[in-house]
Amino acid sequence: MHIPDNYLSPQTCAVMAAVMVPVWTISIKKVKAEIPNVKLPMLGVGAAFSFLGMMFNIPIPGGTTGHAVGGTMIASLLGPYAACIAVSVALLIQALIFGDGGILSFGANCFNMAFVLPFVGYAVTMLLRKKLKGKNAELIASAIGSYIGINAAAFCAAIEFGIQPMLFRDAAGNALYCPYGLNVSIPAMMLGHLTLFGIAEVVYTTAVLAFIRKAAPEMQEKTAVSKTPLPVKLLLGVLIILTPLGLLAEGTAWGEWGADEIAATGAGFTPAGMTSGLNFQALLPDYSVAGMPSWLGYILSAVIGAALLIIVFKLISMIGNSKKENATA
Amino acid sequence: MKMNLELMRLIRRITITDINYPAQDKSRILPALRLSVAFLTILLCALSRNAIYVVMIIAAELAWLCVKPPAVIWNILKPVLLSSLFCMFVMLPAVFMGHPRTLMTVSLKVFESVLILSQLGSSISWKKMTDAFRTLHAPQLFVFTLDMTMRFLVILGRYSNAILEAVTLRRVGADHWKNAGTGGILGTTFLRAQQMSIETSEAMSCRCFDGEYRSYRKHKIGTPDMLYTLLIPLLVILFVYTQKAM
């Protein structure tokens with residue numbers, strides 16, 4: 001679901017980024033008001049879970065792959081606004097350091113995975129929590145919420161891909177950016193997400209939430225701990241070690257091909273916007289280092305990504321604390 | 001004036017580190033051993049011909065850093081980010097000359113090296129650092145000069161900061177007076193430094209201190225030290241392996 005650069009026109013990217021600006025502004029305000037500073041590092045842990053979830057690629061027949069996002073999981077733990085910020089930062093680190101998702105399309109990726117996914121997922125979860133009763137009602141609600149959330153996000157991504165050939169063509173009538181229209185993009189994106197990727201999101205969300213409910217229930221409370229509970233740290237460690245499983249999935253996710261691959265996917269040509277567009281060189285492209293075994297590169301990328309996210313949110317919490325201290329002084 | 005204030009802030013950081021960190025320095029590993037491992041890691045990083053070794057060390061350092069309290073993380077990262085940004089700025093012409101990877105390679109190495117030193121500096125008090133230098137048989141004159149420099153930086157920094165504050169409070173009027181103020185502060189500080197160096201020499205004579213640093217701390221080599229020593233061959237093996245991978 002990570003839209004690379006040059007798949008969307010610069011105009012679309014600008015609109016999506018403009019849409020995200022008020023979302024980020026409101027989310028930051030809400031997080032400041034609702035989440036105590038001592039709990040902000042938990043956003044980093046949530047973002048790290050989301051980052052790691054996105055590294056577990058799952059293959060489906062046809063050569064395409066997908067992954068869980070974990071947006072509803074963070075929303076269930078910390079609220080949708082916190083989830084929006086956490087997933088946005090995770091996506092930023094993925095784009096800047098690992099080249100997963102474009103720089104220009106960062107706004108669109110955030111709209112899909114950091115806004116639509118957690119907010120839809122959270123809304124469904126809250127609605128179902130009121131309706132469902134029983135011991136596992138919360139988990140079931142989160143599971144259904146996460147399934148609907150990821151499918152809503154995938155649907156938005158499919159529309160963003162699909163409108164490109166309708167809006168942007170060259171003089172010969174060829175698409176300038178993504179060459180696939182809505183008739184291809186919607187079935188291609190939704191087929192995977194309604195089946196395996198949706199189930200992956202449900203499994204990831206419920207597994208992590210069930211683990212936290214059992215091993216670190218204090219994390220679910222509003223005025224909870226500032227320190228990350230040990231079981232949660234261990235779970236992060238296990239996930240990091242298991243990330244090379246994501247390499248078992250061969251092929252590239254639909255809509256994430258490189259400019260050299262797209263002609264062979266059935267398009268028959270490489271759109272002009274892709275050959276002459278932005279070509280950002282990430283520090284660790286595709287979660288790998290040249291010359292390093294891919295499984296090791298994947299583990300190191302997981303460690304660096306998760307650690308950076310935790311550090312970023314710890315520093316943000318420190319800034320918040322010092323501002324409060326200055327205000328009270 | 002602004003530059004002087006920045007210098008004061010840097011000096012304050014050294015002072016704060018030395019005052020605060022003895023309480024946080026709970027490591028049971030011999031400081032000299034930690035210093036040796038840090039130097040070895042930086043040396044191997046500099047010698048590395050590819051990014052694999054550097055990225056591996058950065059991953060390990062970041063994993064260690066992310067479990068620290070936010071204030072400690074910031075103290076460690078501040079010089080790292082500043083030096084990396086400065087390095088990127090200096091290396092920027094490489095991008096325009098068609099070698100963007102060079103910028104990344106050098107900046108990564110600077111990031112890694114300063115991160116290691118910054119972590120070491122934040123977790124070992126200055127006293128233990130001097131002790132570590134002596135344990136590693138660094139020349140007496142080197143340790144003495146280093147120790148005196150650090151102490152005088154702090155003392156003179158505080159002194160010039162006090163004068164600077166006094167001058168700033170009284171500063172009213174034309175520009176030339178402000179410049180005279182800066183020169184005055186530097187001159188007074190220099191004279192004070194001279195006077196203090198004589199006082200230090202006299203104090204050394206009174207206390208029969210001939211400039212030779214002796215370690216009075218008896219550190220029993222334990223299991224943590226043994227395990228930490230294993231890092232040395234491990235780092236070398238890792239380095240050799242990663243260089244072959246190129």
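The centres of domain 1 and domain 2 of chain B, taken over C-alpha atoms, are 33 Å apart. Domain 1 of chain B covers 30–137 + 221–246, while domain 2 covers 139–207; bounds like these come from an automatic or database domain assignment. Keep in mind that this is a predicted model, where local features need pLDDT of at least 70, side-chain atom pairs count only at pLDDT 80 or more, and totals for chains, interfaces and linings use all residues. Residues are numbered from 1 along each chain as its sequence is written, and chains are lettered from A and ligands numbered from 1 in the order in which they are written.

Now over to chain A. You'll find 11 helices and 2 strands there (DSSP runs numbered from the N terminus: H or I of at least four residues for helices, E of at least two for strands). Read from the N terminus, the order is α-α-β-β-α-α-α-α-α-α-α-α-α. The radius of gyration of chain A is 20 Å, close to the 20 Å that the globule rule gives for 329 residues, so chain A is as compact as a globular protein of that length. That radius is taken over C-alpha atoms, and the rule is 2.2 Å times the number of residues to the power 0.38.

Next, pick out helix 4 of chain A, residues 80–98. Its 19 residues reach 25 Å from first C-alpha to last, close to the 27 Å expected at 1.5 Å a residue (the expected span being 1.5 Å times one less than the number of residues). Of those 19 residues, 16 are buried, so helix 4 is largely enclosed by the rest of the structure. Buried here means 20 or more other C-beta atoms within 10 Å of the residue's own, exposed means 12 or fewer, and partly exposed is in between, with C-beta atoms placed from the backbone.

What does Ala86(A) touch, leaving aside its neighbours within four places in sequence? Its contacts are Leu43(A), Gly46(A), Ala47(A), Ser50(A) and Ile74(A), a contact being two C-beta atoms, placed from the backbone, within 7 Å. Ala86(A) is also one of the residues that touch the most other members of the largest nonpolar core, which has 124 residues. Such a core is a set of buried Ala, Val, Leu, Ile, Met, Phe, Trp, Tyr and Cys residues joined through C-beta atoms within 7 Å. Helix 11 of chain A (residues 294–328) gives the most to this core, with 15 residues.
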